[in-house]
Amino acid sequence: MVGEDAVSVYTQLLMKFIDLLVKIGEERRRGKQLRAPRKPKIRQGSLSKEDFNKLMKKGVDFRFIPIPKEKEQEIEKTIKGLGGSFFKADDPEKTNSLFAVPSHQLEMVQIAVKQVLTDVMNEHPGAVTVKEGVNRIPPEDISLVSDVMRGYDIPLFTFKGEDGMYTNIVPTEYNGQYDQAMNRVMEIKAQLENIDVRTFEMDGLLEMPRYVARVIPETEKDELYAAFKAKGLDVRFAHHGDDTAIIYPYWQKAKVETAIDEYRKAVDEISKFDITVNDNSISIDKDTLLKDEDQKEYFVRVPNTHGMDYLRLDKDNVTEINGGKTLTTKLDPKALYPVFDSKGDFVAQREGSELLKLYDVKHKGVNKDTKIAEYGNRVDKIELFNKEKNHLISVGIDNSERIREELMEQGVSAKTADALLAKIDAMLAEKDELSTYRSIFNYTVEIPHVEYADVPNIGDYLSQTQLSELVIGKADRVGELPPEDGKCCCFFDKDTKKYTIVSPDDRSEIISRLTQMGYSATLAEHLADKTVTGVDPQDIEEQPLRFDSPNAELENIRYTIGKDNTILIHDSGENIRYMSIDKDIPEREIESALFGGFGIHDRISAAVILQELAEKGVIKPLPVEEIGDLKVTKVSSDMIAVQNKNSITNESVIIPIDKLDHKQLKSMGADAKTIRFLEGSLQKSEEEFGKPDKLSNLRKFAENAIHNVGQAIGQVVSKADVSIHGDDR
């Protein structure tokens with residue numbers, strides 16, 4: 001059990017170490033498109049296992065900081081004096097070195113750099129220029145500025161202010177280059193504003209996805225839910241942040257959109273109606289109808305009687321409205337009320353229903369051209385006035401089904417009629433005094449509340465639908481669509497109406513497509529870096545690979561294959577050695593590096609490594625020759641792998657070229673003639689390459705220089721705390 005735990009811890013440390021190397025590699029690669037391409041490289045180095053383990057146990061996250069080489073030693077010395085830690089990545093072709101700094105030490109690094117800069121500015125005034133004031137960089141632009149400056153290899157120091165803005169300090173002799181580079185930043189920014197970038201999960205064809213999704217207003221969700229349910233449509237509702245989204249099969253798209261259009265047309269039609277519920281209430285304008293009053297009563301004129309009839313109203317039953325300008329009260333249609341003349345003398349008794357008709361006033365919007373449709377000569381009624389059509393529909397308060405028929409008789413659509421009835425029912429429910437009318441109205445249709453489904457990837461469906469509607473038939477595609485469903489990224493230029501869809505993990509393909517769309521290499525690389533999810537070793541393999549061999553020297557060597565390079569890790573005891581191999585590196589260069597800083601001693605160990613890397617596609621296929629029944633592969637400069645073509649197991653044996661074992665070859669089915677032919681073929685191959693001792697001399701030189709090799713990325717300098725801007729990515 002202890003052994004398994006140890007292996008697990010070792011694997012975890014290797015994964016973290018590989019992750020660090022990959023990130024450093026990515027940082028070094030940023031901006032390289034601005035310069036002429038350089039040939040692939042092998043980078044080597046070693047780290048103290050003790051120091052690395054300490055940092056990893058603290059859960060260290062690294063930030064990457066470019067440091068001008070001319071001040072590198074001074075800054076290193078200052079950081080050491082403060083107790084800081086960092087990994088250093090040197091590149092002979094750049095003016096900057098890349099420092100990988102533990103994020104919790106960024107502030108300390110800033111102190112070290114400021115101290116060095118202060119000394120420079122005191123000793124040599126004018127040696128550096130501080131880009132302050134209007135030249136400061138906002139946080140949303142600092143990533144792009146860093147990419148461009150790194151691409152042009154301009155040495156600078158970057159500091160973050162308390163307000164979040166960034167200040168660059170540049171050697172004065174680089175001022176002109178810096179200003180030109182900032183002009184380039186502005187150009188790229190302007191282009192970026194016109195580029196729509198979205199990542200989503202492709203499901204089906206872009207022009208005909210399996211599902212369509214869209215966000216709907218919260219005010220519509222319940223009514224639309226009811227409408228879809230009534231039509232038997234397969235529409236699911238899902239939460240999308242604070243919004244509500246709907247998703248449905250593509251083949252139902254037309255029916256769903258028709259249902260939505262019908263609902264929205266009905267809502268639009270409703271907005272044109274002014275609805276008034278008239279019950280047994282009367283309104284009395286004080287200025288025109290109030291004749292007199294005392295402490296107990298109002299003496300009011302009855303309208304439409306030519307000033308002949310008046311009522312006495314008990315103040316306890318009257319309410320002032322409209323800011324005290326109007327009086328309102330209720331009259332019982334079946335009760336008898338005493339009527340007086342203008343002097344206050346009793347004239348007669350009249351029924352409440354008769355008086356209510358005298359107070360009945362047509363809708364205020366009615367004019368001589370208004371089309372009026374009345375159903376039932378009643379006081380308690382509902383008036384629906386269509387302002388746009390100048391049409392008044394007056395219906396007595398009756399059963400809702402009867403009123404629905406009356407509305408449709410007047411040309412109101414069924415959808416709009418249903419919506420109007422729902423609104424009338426809501427108005428009747430607002431006031432207790434209208435409860436009697438509501439029971440008569442008897443509107444029983446209930447709008448169901450939305451039932452939400454669990455659609456975790458609703459955002460992907462929304463993006464695909466929006467993209468489809470944005471580009472299909474409206475924009476030109478650059479490049480082919482991904483052959484299979486899965487994670488995709490779309491770049492859409494709103495100006496040129498061009499778009500491309502590519503895997504969000506394929507950095508080189510993203511750059512290629514964006515370049516085809518007409519963007520500069522700088523812009524293409526910046527967008528690619530922002531899009532690519534990053535090369536996480538766990539995305540490549542669950543754990544670092546082991547070499548498929550019982551070779552003892554390879555027991556503590558692991559490797560992982562990335563998109564742009566392959567990383568080999570060698571636990572050599574106190575140190576962890578590493579080797580990063582770019583694509584397209586010749587086999588012989590890798591072989592030399594294995595015997596150099598990586599610490600491989602046995603020829604057969606190097607041969608096994610090269611053979612497996614070739615099988616994995618890391619290096620080009622190794623030369624193969626068939627001699628009789630044997631299949632012979634030249635796996636290294638002085639080793640071959642021999643396999644019987646007729647063998648069921650396909651196993652091969654690695655043999656030194658200068659020590660061919662005849663017995664072993666015969667056991668594999670080779671006769672004397674085949675062995676002689678093999679020896680002659682190998683001798684000829686060696687003569688073409690060069691004398692055998694050439695490789696021996698090269699190996700001996702590499703072994704003598706092993707302690708000087710491999711400072712490319714990593715030099716651990718004790719522990720610490722530091723902080724200067726290092727692209728918070």
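This report walks through a predicted model of a protein chain, from its overall make-up to a few individual residues.

## The model at a glance

Residues are numbered from 1 along each chain as its sequence is written. In this predicted model, local features need pLDDT of at least 70 and side-chain atom pairs count only at pLDDT 80 or more, while totals for chains, interfaces and linings use all residues; side-chain values use heavy atoms, with hydrogens and water left out.

The protein chain has 22 helices and 34 strands; these are DSSP runs numbered from the N terminus, with helices being H or I of at least four residues and strands E of at least two. Of its 729 residues, 47% count as buried, where buried means under 20% relative accessible area, exposed over 50%, and partly exposed in between (1.4 Å probe, protein chains only). The chain exposes about 38000 Å², of which carbon and sulfur atoms supply 48%; accessible areas come from the Shrake-Rupley method with a 1.4 Å probe, and for residues only the protein chains shown count as cover. Contact means heavy atoms within 4.5 Å. Among contacts between residues at least 6 apart in sequence, 63% join residues at least 24 apart.

## Two nonpolar cores

A nonpolar core is a set of buried Ala, Val, Leu, Ile, Met, Phe, Trp, Tyr and Cys residues joined through side-chain atoms within 4.5 Å. The largest one holds 31 residues, and Ile-137, Met-149, Tyr-178, Met-182, Phe-491, Ile-510 and Leu-514 touch the most other members. At least two residues of this core come from each of α5 (142–151), β7 (166–171), α6 (175–192), β25 (486–493), α15 (507–516) and α16 (521–531). Apart from it lies another core, of 29 residues, including Leu-545, Leu-568, Met-579 and Ile-654. In soluble globular proteins, nonpolar side chains tend to be buried together.

Leaving aside residues up to four places away in sequence, Phe-491 touches Asp-196, Val-197, Lys-498, Tyr-499, Thr-500, Val-502, Ile-510, Leu-514, Met-517, Leu-527 and Thr-531. Helix α16 has 9 of its 11 residues buried, so this helix is largely enclosed by the rest of the structure. Among those buried residues are Glu-525, His-526, Leu-527, Asp-529 and Thr-531.

## An enclosed strand and its neighbours

Strand β32 (residues 630–634) has 4 of its 5 residues buried, so it is largely enclosed by the rest of the structure. Two strands pair if DSSP finds at least two bridges between them. β32 pairs with β31 (residues 624–627) in the antiparallel sense over 4 bridges, and 5 bridges join β32 to β33 (residues 639–644), also antiparallel.

Thr-633 of β32 is the bridge partner of Val-624, and in β33 the bridge partner of Thr-633 is Ala-641. β31 and β32 form a hairpin with 2 residues between them, and Gly-628 in the turn has a positive phi of about 60 degrees. Another hairpin joins β32 to β33 through 4 residues.

## Helix α12 and its cover

Helix α12 (residues 414–430) reaches 25 Å from its first C-alpha to its last, close to the 24 Å expected for 17 residues at 1.5 Å a residue; the expected span is 1.5 Å times one less than the number of residues. Its buried residues are Thr-416, Ala-417, Leu-420, Leu-421, Ile-424, Asp-425 and Leu-428. Their cover includes α8 (253–270), β12 (273–278), β22 (381–386), α11 (400–409) and α13 (435–441).

Ser-400 lies in α11 and counts as buried at 3% relative accessibility. Not counting residues up to four places away in sequence, Ser-400 touches Leu-421, Phe-441, Asn-442 and Tyr-443.

## Aromatic pairs

Rings of Phe, Tyr and Trp (its six-membered ring) pair if their centres lie within 6.5 Å; planes under 30 degrees apart count as stacked, over 60 as edge-to-face and the rest as tilted. By this rule the count comes to 7 aromatic pairs. Tyr-225 and Phe-237 have ring centres 5.4 Å apart and planes at 75 degrees, so they are edge-to-face. Tyr-225 sits in α7 (residues 221–230) and Phe-237 in β10 (residues 236–240). Ring pairs link Tyr-225, Phe-228 and Phe-237 into a cluster.

## Two asparagines with positive phi

Asn-304 has a phi near 65 degrees and lies in the loop between β15 (297–301) and β16 (310–314). Asn-390 has a positive phi of about 55 degrees, in the loop between β22 and β23 (391–396). Asn-304 is exposed, with a relative accessible area of 57%, whereas Asn-390 is buried at 17%.
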